[in-house]
Structures are given as C-alpha cells and as structure tokens.
Amino acid sequence: METTKTQLDPKKQYSEYLIIAYLTYMSLYIIFNSAFEYLYESNPIYKFGNYMALILAIFTLVPLVRKVPTDFLIEPLKVNKAKLWNAVTRGALVCIIFGGIMILVKYAILKNSPQMLIRCRPFFYIDRLKPGRITINTMLYPFTAFWQEYCMNVMGYDGMHTLLVGNHRKYKSVSVVALFFGAMHYTYGFPMIAMTILFVLFMNYIYRRTKNLWVCMIVHIILGQLLFTLQLQKITFTF
C-alpha cells in the first residue's frame, strides 16, 4: 500500500504562530497597562508605553522567529513596486481624512465640552517637536509604529485571514485586530479606543489594497504624531 503524505500549506501552518504571537503581544500589553494603572495613582502609560511596546515586541518576536522561517517573516516587508504609487496616494488620502477627523473632533469638543480638554491646550502643541523638547518616547515612536503595523496587518490580519473560512473572512479578521488594538488603549478612555479602532480600519484598508506595509508605517507615524500634537490622548470625561 502506498502512503501519501499530507503536505500542509506553509502559509496556513505559520499563520497559526503569527496569530499566537499577535494575541500574546496584545494580551501582555493590556496586562502591563492594568498593572501600571493599579500600582500608580497617576497613569504612567503615556511615559512608558513605547518602552513597554518595544520590550514586549522582543519577547514575542524571539519565539516567533524560532518557529517561523525568516523568509516568511521578511516577505511582507518587501516593497510592492507595482502598487507603490497607489499605496502612496491612498496613504496621503488617509492622512488627510483621518487627520481631518482628529482636528474636527478636538474643535467640536472645544466648542461643546471644553472641560474635556482642560489638559489639551494649546490647540496644536507644536513645542513638543522642537529641539530640546523632543522626548525619548517621541524618538522611539517610529519603532513602535513599525512593530504595531507589522503586528496588526501581518501577524493579526494576514494570519486570521488565512485560517478563517468564509466569504467575509477579511472583515472578521480586521474586526478582531481592530478590537484588540483598541483594547490596548483602554487606559486613555473611550475616545482613544474609538479613534484607534477607526485608525486600524484605515491602515488595514491601505494594506489590503496595496500590500505595502512601509506606507502604512509612515502614515502611522504621521497620524500618531498629529494625535499627540493635538493631545487627544489626554481627553477626560468630567461629570
């Protein structure tokens, strides 16, 4: 009798490890956020967030590299030259739309509930980007943006999209990724959760249409710095 060996699709086989690494990173980040908030009276996440992200990235990436071939992990980082202009165009459009939404949100809150933005003055806090005022957190942000985009779109979205079955799997995949990413920012309050969930949908739109992860990372950096310049992470509810 002849024995036939079932060959697993490498993409499906390694996608399981990608999802595990993604969920591990997100879960650990949420746990550490909770621990910091419990141990300190004032929320220190704003100061330590990027440090934690980079440390946890290393702890989740090291075991991932041991299970998944390097070529498989590096492949998504290659620039899709055929759709590069398309990616840049869509990235610029997302920057304009999402950036406009953030500016309108702050303007609307200032007009209707200014008490929510007591800690968010002036309207554009440009001084934070001037020489001598740039913090280590700001300098580390590009690395954090790089890792988060890789986590969301490659480990989270691609991994789930490969394993899920059904016509709507891309929507299910991005929904799970968006909810987890929003949960990472729960210590900042509901406005930040809502904005980050919407942000993931925009980023995933670029990635799905163009498969250019680097454009997503650049857009992430631009919009992230705009958010911090608007200081929307400091929105507070007052009753």
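Axes here are lines fitted to C-alpha atoms, for helices over the stretch in contact, and angles run from 0 to 180 degrees between N-to-C directions. The model is predicted, so to speak of local features requires pLDDT of at least 70 and side-chain atom pairs count only at pLDDT 80 or more, while totals for chains, interfaces and linings use all residues. Residues are numbered from 1 along each chain as its sequence is written, and side-chain values use heavy atoms, with hydrogens and water left out.

Helices (DSSP runs of H or I, at least four residues) are numbered from the N terminus. The crossing is right-handed, meaning that the near helix is turned clockwise from the far one by less than a right angle. Contact (heavy atoms within 4.5 Å) involves, among others, Tyr 141, Phe 146 and Met 152 of helix 5 and Trp 214, Met 217 and Phe 228 of helix 8. By class, this contact has 13 nonpolar, 6 polar and 1 charged residues; Ala, Val, Leu, Ile, Met, Phe, Trp, Tyr, Cys and Pro count as nonpolar, Asp, Glu, Lys and Arg as charged, and the others, Gly among them, as polar.

Helix 8 also meets helix 7 (residues 190–210), with axes that come within 9 Å and cross at roughly 155 degrees. These two helices are therefore roughly antiparallel to each other, and helix 7 passes helix 8 in a right-handed crossing. The contact has 12 nonpolar, 1 polar and no charged residues.

Helix 5 packs against helix 6 (residues 169–184) as well, at an angle of about 145 degrees and with the axes 8 Å apart. This crossing, too, is right-handed.

Turning to open space, the second largest pocket holds about 410 Å³. A pocket is an open set of points on a 1 Å grid over the protein atoms alone, where a 1.4 Å probe fits, with protein on both sides within 12 Å along at least five of seven lines; lining residues have an atom within 4 Å of a point. The volume is the space filled by probe spheres set on the points, which are joined across faces, edges and corners. Helix 5 gives the largest share of the lining, 6 residues.

Key
Angles under 35 degrees count as roughly parallel, over 145 as roughly antiparallel, 65 to 115 as roughly perpendicular and the rest as oblique.
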